[in-house]
Amino acid sequence: MNRCKPKRQPVRLAVSLFAAVCWPMSCDGRGTASPGSDWPSRVVTINGIPGFAADFGGARLWSEEWFAGRLDEHGLEQAFREISPDYVDCVFSNNIDPGAFFSDRGIRVGAQSSREYQAALYTPRETVERLFGGNGIAIRLDGTPSWRTKGRLYFMCLNAPAWRGAVKDAIVRLVPFVDAISQDNLGEPINKGQGNFCEWCRRKFREFVARKYSPRALARLGVRRLDTFDARKYILEKRLRAKTRAELLEDELIRSYIESQFVAQRAALKEIVDAARAEAQRLGKPYLPFYGNIGNIWGGRAYPVVIADLVDVVAPEAFVKWALPFWVAKQPRLKSAATTLRFKLARAAGDYAKPVWAWGAKAGLHLPPKERNVPVAVLIELAEAQANGAVATGNTAWDRAFFRLGDRKFRTLAKFYRFAEANRALFTERDSYARVALVFSVPTLLYRSFSALQVGCLHGSAFAVLARALEETHVPYDIVVLRHPLFRDDKVARDRLGRYTNVILPGVDCMSDSQATILREYVKRGGRLLAWGNTGTRTERFRRRPKPVLAGLRAQFPDRVDQMPDAELMKLARNYMNMSEERFARVQTRLRGSLRDAEIVKTDAPALTWVNLWRQDDGRRLSVHLLNYDIDLKRNAAHRAEDVSLRVKLPKDLVFDKCLWISLDGPTKSLPFSIGDGWAKVTVPAVTLYEIVVFTNGDELRIANELARVRKNIDRIRVASDFGPAATAGLLDKFKHAAIAHERRNLEVAGVLTALLLRQSQGELDALVRGNVGVRKAARKSFIDLAESAVWAFDFGEGEVAGGFKPVQSETQYDPEVGFGFVRPAARDSRGRNRYTTYFIWRHIWQRRRRSGIGRLERNPASGLDPLHRDFLYGEVPYEFVATVPNGEYRVTIAEGEDATHGDLPATEVWAEGKRVLKPTSMPVGVFVHRSFAVSVTDNHLNLKFGGRWGWSVCGLLIEKASGR
């Protein structure tokens, strides 16, 4: 098997990252993705074997910094053994697979596009203004540009075609290289920038209302001529006359403007996602997973939840400062559960069907400078994600700007990922055991959280306070999302409410008739509602109702509906981040007194030890996750709680004979337990930082962990063997038998089968990896060996020159006496089509870029590559290269590829004697491709032109007599 052959590359990428690991989508019997009209929500079946959808319990590392700091110090092999990731990702480009190290070992590689607000981050302000002034920079209500950091960084608007094209091209150009792709900072103007008033935004509004209202209805609203109506001036005038911002939301046109922007921004993002998927299909990749950094998904904004439909993984950022009680010196306890809400709300926004990734645990980044890079801060962020149903990730890219990745932090990351890998089955395919639901209302926040007209909203603040109160009273809870009919219906909410005994409505004043019906049906079936503040006093479009939509429900079911007055909600929401201890205690008491049949955990653990309960294997295993936030950064330690009593209300169908204590800081131990009245009682010897108590049966958990590792090996074999169906057919068949035995609790048989399968799969993977590495090295060596018989052998780059090759540097101009060199660039205006796109793509990837010249870059010598493949030349615009040769027939071979040490390379096109001879190739990350073509020379000069949509790159060039092969 030669993975270097170009014709094999589309096959290698035929199954995306998540089709075989953790992706909610359908697959046919051959294991290839089958995208349909409803692509975001799918169920995985690979070769008839279900269960791969959430099998993502191990490490996922993010950024080139992880390996860059290891190359000389430990070496990639040692680092790979210490942290064995399921998936490797990075910022800006696929620059994390040196010499195809990861892909050769069956680890999937992805890339992140980071273009949403970074226009001025890597580019001079004047350039941004020149390229995007009226076609990309977000504009505020007063007509001024929207700044993220005044004087330096603009917010950009996806409604503007130029900027949307730049983001789209930046993402699409990464498609050939990766197994998945992402976009950073989605929806910034709506969330933060107050910048949805550029000309393109106002055009979207006119299009929106033209579809929504008749001309007569518009006339009644004061719009005589829609084509000349300026919404920005209209809203500005209304704002100047209004006493409060809340008055603006009573205006029908202003509400429609807000709706138009949510609809348009969401449509712009979908256009970008669809373009990436179309490019993937064109290259033979049936499905390309897309995910994104969805910021502000803790409960105060509507847009992150609205766009969660468009991503395949919901990836909220982790901000430890919102959760840790020590972050603000003057206030020992912030009354918010924002970090856990990021994961809980992200799960709900994805309909509990999509994976949730902690978007790069910052590992203390948001702590005060002196407290960063403290191991306990790193661990609390990673553990918080795992405990709340997400996947912990390591985002070390941020370290580049703030602190280097040191041994101390690396060892901390390795410790956690070894813990996650050893207990892989506990972090996959989990179902919450909570009996309380906290409602998040998109209609209530949609209009109020529009950043340009942001109105204080009790819903978001009450949502955060009540979540913290639930956490500190040890009441596990989930989130249920009520949608806006502009985007989604509420089928998921209707189906899910039946599992909860109590539903809490924190200031949900906007509610549709169908949502009211759902809640009425829930109460009639025996559920309990706790409504804080006004409930259902407005429609889903923010119109006032004559009377609350749930009026009379409390009178009909006084024992099931508890209504807190709006005055109480005002007290709850006012200054909620720094609420006094006394007021917060009253909230907890009131909340505890209102809940019925919700208590499933009783513990004497401190308030800052938060609890989550998860059921697995169809409810036959129950795990209790205890996370201790009471930590001391100066001592780099948590305040340890000894002999913590834990009582758990057992599911009726749970049968177990063993209680395991799994600690981040120690070996797994069995604990004595007792059962009475449907409750299990156990004493946990210590709660240090992250503890898991598991009620299981015999060796069931050990076998489940081994089966999870077998699935991981099977997927790695598929990746390392170019996704060849035959590579894993036998293993999958044996896996099916072992999984069935485990499912039926035939543990003796399952244990034997799994142990054998684990050894076999690991052996096959090791052999395949050795073969891949050998084949790749042999292919590069073969190219170099041909130099002796070639007419010309050129090494492009400015580093060490390979033996037998002529050096071609960026300044090498054609000289008849020398016989080779570059001539002037091919005729093309560098300011033409895609000029705005290529500038941003190349500006930050190639730090030594020349706007119209030839750039050069040398890869890290520690990558182990030979001199020819270690460096290369690149250009943004097409360049011509001429070599003097006798007339005749020749075979020309070009060496190109990406070891990913510095950034993704463009897909090069080649013209010979005026004819295109090589099209851009789908070149996976880490693969060097040697492509050949035949050419006839009639004027003693071989004229080659290198180009491509996003530029070109060349490592080496061989020119041989055709008869010599």
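Q: What does α15 lie across, and at what angle does it run to β15?
A: In this predicted model, α15 lies across β14 (436-441) and β15. It runs at about 50° to β15. Angles are taken between N-to-C directions, from 0 to 180 degrees, with axes fitted to C-alpha atoms, for helices over the stretch in contact. Contact means heavy atoms within 4.5 Å. Helices (H or I, at least four residues) and strands (E, at least two) are DSSP runs, numbered from the N terminus.

Q: Which strands does helix α20 lie across?
A: Helix α20 (residues 458-472) lies across β14, β15, β16 and β17. Its angle to β14 is about 165°.

Q: What makes β15 and β18 edge strands?
A: The sheet is open, with 5 strands in the order β15-β14-β16-β17-β18 and parallel pairing. β15 (478-482) and β18 (561-564) each pair on one side only. Neighbouring strands are turned by 20° against each other on average, direction ignored.

Q: How do you know that β16 and β17 pair?
A: Two strands pair if DSSP finds at least two bridges between them. Strand β16 (residues 502-506) and strand β17 (residues 528-532) run parallel and are joined by 5 bridges. One of the bridge partners is R528 in β17, for N502. In general, strands of a sheet pair through backbone hydrogen bonds.

Q: Why are α9 and α13 called roughly perpendicular?
A: Their axes cross at roughly 110°. The class covers 65 to 115 degrees (under 35 is roughly parallel, over 145 roughly antiparallel, the rest oblique). Helix α9 (residues 199-212) and helix α13 (residues 252-282) are therefore roughly perpendicular. The axes come within 9 Å. Residues that meet include F205 and F208 in α9, and Y257 and V263 in α13. By class, this contact has 8 nonpolar, 3 polar and 4 charged residues. Nonpolar means Ala, Val, Leu, Ile, Met, Phe, Trp, Tyr, Cys and Pro; charged means Asp, Glu, Lys and Arg; the others, Gly among them, are polar.

Q: Why is D795 called buried?
A: Buried means under 20% relative accessible area (exposed is over 50%, partly exposed in between; 1.4 Å probe, protein chains only). D795 has 2%, so it is buried. D795 belongs to strand β30 (residues 792-796).

Q: Is D597 buried or exposed?
A: D597 has a relative accessible area of 63%, so it is exposed. It lies in the loop between α25 (581-594) and β19 (601-603).

Q: What makes strand β21 mostly covered?
A: In β21 (residues 621-628), 8 of its 8 residues are buried. R621, S623, H625 and L627 lie on one side, L622, V624, L626 and N628 on the other.

Q: Which strands pair with β21 in the antiparallel sense?
A: Strand β20 (residues 609-616) does, over 8 bridges. L613 stands opposite V624. The two strands form a hairpin with 4 residues between them, and D617 in the turn has a positive phi of about 50°. Strand β29 (residues 690-696) pairs with β21 over 6 bridges. There, H625 stands opposite I692.

Q: How many of the chain's residues are buried?
A: Of 965 residues, 63% are buried.

Q: What basis do these values have?
A: Local features need pLDDT of at least 70 and side-chain atom pairs 80 or more, while totals for chains, interfaces and linings use all residues. Numbering starts from 1 along each chain as its sequence is written, and side-chain values use heavy atoms, leaving out hydrogens and water.
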